[in-house]
Amino acid sequence: MMFDIQLMGLLNATLQAGTLLFIAALGELITEKSGILNLGVEGMISIGAVTGFMVAVNTGNLFLSVLIGVFSASLFASLHAFVTVILKQDQTVSGLILTILGLSLSALLGKKYVGKKLPVKIESLIEIDEPSNIFEVLISQNYIFYLGIFLMVATAFVLKKTMFGRRLEAVGEDSRAADSMGLNVNKTQFIATCVGGGFSGLAGVYLTLSYVPYWTDNMTSGRGWIALALVIFGGWKPYRTAVGALLFGFLEALVPRLQTYGFELSPYLVKITPYAITIIILIVLTIYKGGRTGAPSNIGIPFFRENR
Amino acid sequence: MNQIILEAKNISKSFGKTQALKNVDFYLNKAQIHGLLGENGAGKSSLMNILSGIYQPEGGSIYIEGEKVKKLNPDLAARFGIGMVHQEFRLINNFSIKDNLTLSKSNIYKANFEEAFEKYSEIFSLSAKSSILINELSVGEKQKIEIIKLIFNDNNIMLLDEPTAVLTPQETNQLKISLKKLSSEDDKTIVLITHKLKEIQEFTESIFVLKDGVMVAKDLKTQNVTNNDLVTLMMGEIKISKIRKDNLKGTNKLEVKNIFFENSHSNVPTLENISLTVQSGEVLGIAGVSGNGQVELANIISGIERDYKGKVIVNGKNISNQGVRARKNLNLSYIPENRLGVGLAPGVSIIDNSAVKDYFKSRLGPHLSRNKMLDYLDLLIKQFSIKAPDPKAEVSTLSGGNMQKLLMGRELISNPEVIIAAQPTRGLDISAVEALHELIIKQRDNGAAVMLVSEDLDELFKLSDRIIVLYEGQIVKEFQIDEADIESVGLAMAGSVE
Amino acid sequence: MNKYLISKKIVINDLSTFYSFLIGLSIGITIGSIILLVQGQNPIEVFSLMLRLSVGSIKSLSSSLNKATPLILAGLGISIINSVKLWNIGAEGQIFMGGIALNFIYISYQIPNSKLSIILLLLTAFVGGSICILLPALAKVLFGVNEIITTLLFNYIIIGFTVYLVNGPWKDPNSLNFPAATYVGKEVYLPTVFGRLSYGFIICILCTAGVHYLKEKSVFGYELRISGGSALTAIYAGINAKQKAFIALLIGGGLAGLAGGIELLSQTHRVSTGLSQGFGYTAIIVAAITGMRPLGIFLVGSLFGALTIGGTVIQTMGVSSYIADVIQATTLFGALISQFFFTYKIKEVTNDV
């Protein structure tokens, strides 16, 4: 019985950690599908986290907090979209600057909010203190968890089954061909980048309004980078990314529990494993699938319309 | 009387100092196939790019169905039903045929896709299913999809840029039948851009001829003109120089023995038992539709491809196991088919590119002498009359002709013993072609052994002493030049040897 | 829909990267001022203090240049790797690995002569950086695995490994609150030239000159340029493009490792998670924003070193040090944006005749 509760606790923590990573990764997946690489996930999550927290502290209105968090991260991502999509500058460089700017700007914005108490918190669907079976764990999750599942199904459906999604992928696969089909490459990429930012913002709001929940500098602590790794792990597919999120989330949840379970394994080394696994998967896929890792063909390459 | 669906009046366009189009008039009769004839560089592509909204003309006006159109851009052109098939396809490789045909905003067969696809598959005798991915198709099939894509996008004016360049004679014939059906049954207005007279005669009803940016003939009725008329119009007074074939041949300089080669990505043999010799003072032409092993053969001889079975012998010396550098030292030069990308590195400066063959001669230990490189470039520029703006400028800012002169100059200045030249004049204007042909002949007369790979039969017949035809990696036929004729070489290229 | 078309200019002003950096800097300072004003501070006061405390005296100037050293070295490494048109996002991890390798050799072997010992340790740091990029480099040249992703992921592996070391095997029992390895002995501290200026900065100057030579004047640099322009051209020219790329990657990683070694021997004197404060990431941007030119990296790197020192000291005024980061980031964005106008021409689509 005790063991069950512990196990369920681990599962619960896995789902919570995984949800955060998954939502950010899903957003990045959408952005990358359009051919834009945005390395600024860490910065975008930060912006979403701090703005959501600020609104929550000041208004106590959860819905508004989530909305503002998502919107500001999306607006922040539009900076990357402007620089890379409209001005055709290097995506790697712009993404890295976005990270630095996001982290420092959110620290400045949130300076007065460090240590502040939240008047509200994102609730669970059903409150169960110590869930004792899988069913109880699954129904006692945070609302954001169910939203994440909905977003996963919706994203997979939109990308594969709708005209909008197929066109988005077309732009990311071959922007010149997409252009010749009359699709607006710039607009598509701009939208995809902002949507990706919005997802990161949602992950950020979840971080400060439920997962942790408080605000402090650099509290994203590398989760944005994990999200980037997850997209690769998931082969740019929503469902496989979700599996990856569970694995990465599991490891995050496992680390603080290792000692209580009596394992000699260093928690710090366990934390490295997802990255190592991702690298191995990437290499194996590249070798055995002839480079077909699932990455959009046009990723990172700016689109120019031929003209004189 | 014919209804005029599109009319361009007084169109002018210049790029920098060169005027590509001078007050050109052009019009299209509804539901006819038109030929736009002209040498490379005559302005055909510029005119087509203006009609599809990609380039903006400096002067002139465009009328579509009688109405004047201002600010024609690609989106607007598409809305007016003007579509173009470019030489490089605009298809998404990882997507299915269906996706490629239906994702466009202007797709008109949303509801009845299968029905329409079946109809046009039949017209184009295309057997692939709509769920097949583009990268599983052959070049010919991809082109069919490109043309069908125009139909699906409701393009009633179809501009086809050199569509037969990648096709076998048989596929070309098939295309002719399909296009005629499109114009007669679907009322499509078609423009065939080409410099091949035979196709103009067979495909079209009406001919326009561009020469040096001027429209020298308008709406000629095909049945009323002869090939000779067209040649005179297209080329003016310039006569193609006849090449002397009284060259003295000497010893075997290049011998290739029993080459077998398999591409690592497939287990279909790319080259099967290839043996050939080239003597000094001789030009051996290699004919074949692209993709039949020519590139691989040239790469094997030049040392780029090392993983093959068989022997390569230069001047009696077996060099099968030697690398590119060692072969260069035996004075073997290779002018690759891919001018920008293999012969020259895009994104790298002109001066750096000029040194690719001999840069290790400008070195002093680890130091690279920039002055020596500059002297060498100057020499190339003078000797081969290359027009290059600034040594530091990217090589891709040069015109195609000047790029090729830089490349060939670099490879030929050392008077090589063996020259492998692949498609040396593709896509160049006639004056550049003449100059480059002279370069090759000069080397031949100096005693070089030349292996010329080309898809241009006119070029092969003009320069070669012998012609070998490659088909699916095998030598299917060898001709002495005086006993060869275009028809039998063409048939051999398509794999039919009697 | 698309009313404007853009295309690359054929001739790009050589100094354009410099101009766009200046424009970026003024944008950064403007935005920084606005933020300061909003926070009720006098920007002129803050900036003059920053200026004084970062370059106003020998002491502060030397601190700034010490701060710039790892940034410049890592940037130089990135610039060499970019000669073959590859990216190294892993400089951050390589900096740590340089420190780790150095410390490993330091605790494992005793070298009596301290000068020799310092040289050997710095070489070890270089090798450590190279080892850190070895797997991404091999994966790239052998199988074509995207190096952006692998080098990026390696950062987390190495930083995670660092955390493991300083909490586990290397943990200094005397350092209670902050997990860190034991300090290295004073005999291997890098000596100073004057003020606080470490000899690390001299190494940095030498490396700048060396990388400039290697890239612009040497046969190796030429072969890298051709390989980067087109791998097929390189093969055609008899250049082993993969081998050159591999060597470039190892040198680039090594320079970042050296940065870590110098930082350890001159500043932190021990391995900890504070060995690099994002130098590896900032270096990428500095290198990119200067068009990968070694001299530009040196200048902008020095400036950013001063800005970081300035940012740290203004904390005493109650101004958040993050303001310096915001200025850096907005400067970089500003430079990136203005670079666009130097490299591209914009044309309105018109056909009015």
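Contact here means heavy atoms within 4.5 Å. The model is predicted.

**View 1. The contact between chain C and chain B.** In this interface, 28 residues of chain C touch 42 residues of chain B. The two chains bury about 3,000 Å² between them. Carbon and sulfur atoms give 55% of that area.

**View 2. Polar links between chain C and chain B.** The interface of chain C and chain B holds 1 salt bridge. R225(C) and D352(B) form a salt bridge through their side chains, at 2.4 Å from N to O. Polar contacts between chain C and chain B come to 16 residue pairs, with both residues at pLDDT 80 or more. Helix α8(C) gives the most, with 6 residues. By class, this side of chain C has 14 nonpolar, 8 polar and 6 charged residues.

**View 3. The contact between chain A and chain C.** Here 47 residues of chain A meet 48 residues of chain C. The area buried between chain A and chain C is about 4,400 Å². Carbon and sulfur atoms account for 80% of it. Within chain A, I97(A), L108(A) and Y268(A) lose the most area to chain C. Together these three make up 14% of what the chain A side buries.

**View 4. Helices and residue classes on the chain A side.** Between chain A and chain C there are 0 salt bridges. Polar contacts across this interface number 3 residue pairs, both residues being at pLDDT 80 or more. Four helices of chain A each supply at least two residues to the side that touches chain C: α3 (62–86), α4 (91–109), α10 (223–233) and α12 (267–288). The largest share comes from α4(A), with 12 residues. The side of chain A that touches chain C divides into 29 nonpolar, 12 polar and 6 charged residues.

**View 5. A nonpolar surface patch made by chain A and chain C.** The patch covers about 750 Å². Chain A contributes I280(A), V284(A), I287(A) and Y288(A). Chain C contributes L134(C), L138(C), L142(C) and F143(C). Two elements give two or more residues to the patch: α12 of chain A and α5 (114–143) of chain C. One of the patch residues, L138(C), lies in helix α5 of chain C.

Note on methods:
Residues numbered from 1 in each chain as written. Chains lettered and ligands numbered in written order. Predicted model: local features only at pLDDT ≥ 70, side-chain atom pairs only at ≥ 80, totals over all residues. Heavy atoms only, no water. Buried area = accessible area lost by both parts, 1.4 Å probe. Salt bridge = Lys/Arg side-chain N within 4 Å of Asp/Glu carboxyl O. Polar contact = N/O pair within 3.5 Å; in protein donor to acceptor, adjacent residues only side chain to side chain. Nonpolar A, V, L, I, M, F, W, Y, C, P; charged D, E, K, R; others polar. Patch = residues over 30% accessible without salt bridge, like charges linked within 9 Å, V, L, I, M, F, W, Y side chains within 5 Å. Areas by Shrake-Rupley, 256 points an atom, 1.4 Å probe, with all protein chains shown as cover.
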